[in-house]
Amino acid sequence: MIAARNVTKRFGDFVALDGVSVEVPSGSLTALLGPSGSGKSTLLRVLAGLETPDAGDVWISDEDATRLSPQKRNVGFVFQHYAAFKHMTVWENVAFGLKIRKRPKDAIATRVAELLDLVQLTGFGERYPAQLSGGQRQRMALARALAVEPEVLLLDEPFGALDARVRKELRSWLRRLHDDVHVTTVFVTHDQEEAMDVADRIVVMNEGRIEQVGAPRDLYERPANEFVMTFVGPTTQIEGEYARPHDLELVPADEHGGVRAEILRVVHLGFEVRVELLTETDEEVTVQLTREEAAGLAPSVGDRVCVRSRERAVSAS
Amino acid sequence: MGRLALRVFALGYLAALLLIPLGLVVFRAFEEGPGEAWEAVTTPDALHAFWLTILIAAIAVPANTVFGVLCALAVVRRRFRGHGLVNGIVDLPLALSPVVVGLALFLVYARGGWFGQTLLDNGMQVIFALPGMVLATIFVSLPFVVREVVPVLREIGDEQEQAAATLGASSWQTFWRITLPAIRWGVAYGVVLTTARALGEFGAVAVVSGRIAGKTETLTLFVNERFERFDLVGAYAASLVLALMAIATLAATTLVRKGEHT
């Protein structure tokens, strides 16, 4: 288990972390999710010992690690821009932590071979980082961090520098890797879709504080407040309250219970159909329908309809 | 056409300013035959000047290399009070005339000077002796390693060092295994420039050395002394030796530049 308790960190006048407490259970894959400037990266760096908190403490495996240097914490850290040792081959990069620990040569050779296999870089050992693609470099950085069998693996926006396709590949690969290796993992991201896709627990952060901690589904279905509601998943506003576009439905204008509105735009997104409307009270509302519902209703621009919540609609106020 | 004119101009300018005068030095050195020139640079005083120059460079260059790397690390990696001041002071030797440097050292270390008297009382002579000449040379060649290493350190950033720390490396291990290999070409280039400056130093060393032939005379001082005594063959031949040493350092620079791109 790794935990931060009442951690505060300032950079000049800017409060990056404001009394943050969080626990990461052993074996979990946790995402720190938040907009830029929310303190998520700072929290990760405090856990690694790369930043010293102004107040509060850090616990790793029931030991107070607040005063320990990163060198002694036994954490693996993966940087957004890989931090590859450019003058070393892939093999030497992965072996670095083991050489520092003075492991016997043949043990190092076996372990590095294992790890290169794990991150699908077998045969790339003699290359230099400059000869690898971004995705390969990040996998090398992961192998390097895993080599020393860290207590916890910390990843700072690990896919942030990669293009969209590689990012998606690496995401599901990281998920599978975690299912194989089971090392406690914390990763930072500003992309809610990425967090939902990969993590089994999400810590939502905003302005140096934690807004909510929970499983991806909890956050989506039971957001603790407006920030979480709007940050995690799509939202639209109706009668001054937030709702999910798919929790709203359209009914003919003569039915009761709903807000009268005029259809502005109909967008077909394959399986879903998104309808944008303007209500009588001058609100722009988005409603998401399935293809079947849309087929039954046949909405078209200029139609006057009624917008209302479905049965299970949730609203946060 | 414009390009050709530019090339002719550049070459003509260099020829008039550098190549022709240097060529004349070679020509004059051998005017009385190679035997004369060889004899002029193998007199005991000339040999002493040659070895003294090498000795001073051999002390000043490593000293400035170690200081330069440490200073660059301090300026780039640590935030401390007077950070900007250190950064500015490092450039001082570039701006200050070497003669002024020599005089300043003289004031501090000469008999009756600030430290000078205490040191003399303890049997240590700085001015008119090797320590003063080494100090003067270190002073004037101080900025080169710092100036070469600072931008390289900035460019590589500190993430590799942080990564090494999280992998269990101590700061000492991180320096030797990560930082130094990453800045090695910057250091090498700085060392070459420092060496060139140390070998060619005249003004500061002239003031603090007392210019005693066979004792505190470096090669540049030797050239000057021969010239003032109308021993032109001696002056030109010794100049030629200095020029050859300069060419050797320049060749080293070219090697460094090649290494940088591999």
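In chain A, strand β3 (residues 29–33) runs parallel to strand β9 (residues 201–206), and four bridges join them. Strands here are DSSP runs (E, at least two residues), numbered from the N terminus; helices are runs of H or I of at least four residues. Two strands pair if DSSP finds at least two bridges between them. A:Thr30 stands opposite A:Arg201 of β9(A).

This is a predicted model, in which local features need pLDDT of at least 70 and side-chain atom pairs count only at pLDDT 80 or more, while totals for chains, interfaces and linings use all residues. Residues are numbered from 1 along each chain as its sequence is written, chains are lettered from A and ligands numbered from 1 in the order in which they are written, and side-chain values use heavy atoms, with hydrogens and water left out.

| Strand order (chain A) | Strands | Pairing |
|---|---|---|
| β6-β7-β8-β3-β9-β10 | six strands | mixed |
| β13-β17-β14-β15-β16 | five strands | antiparallel |

Contact means heavy atoms within 4.5 Å.

The twist averages 45° from one strand to the next. Strands β14 (residues 259–269) and β17 (residues 304–309) of chain A pair in the antiparallel sense over four bridges. A:Arg260 stands opposite A:Cys306 in β17(A).

Chain B brings a helix pair. Helices α3 (residues 44–77) and α8 (residues 130–140) of chain B pack at about 50°, with axes 9 Å apart. Axes are lines fitted to C-alpha atoms, for helices over the stretch in contact, and angles run from 0 to 180 degrees between N-to-C directions. The contact includes B:Leu52 and B:Ile59 of α3(B) and B:Met133 of α8(B).

Chains A and B bury about 1800 Å² between them, 62% of it on carbon and sulfur atoms. Buried area is the accessible area (1.4 Å probe) that two parts lose on being put together, summed over both. The contact takes 23 residues from chain A and 16 residues from chain B.
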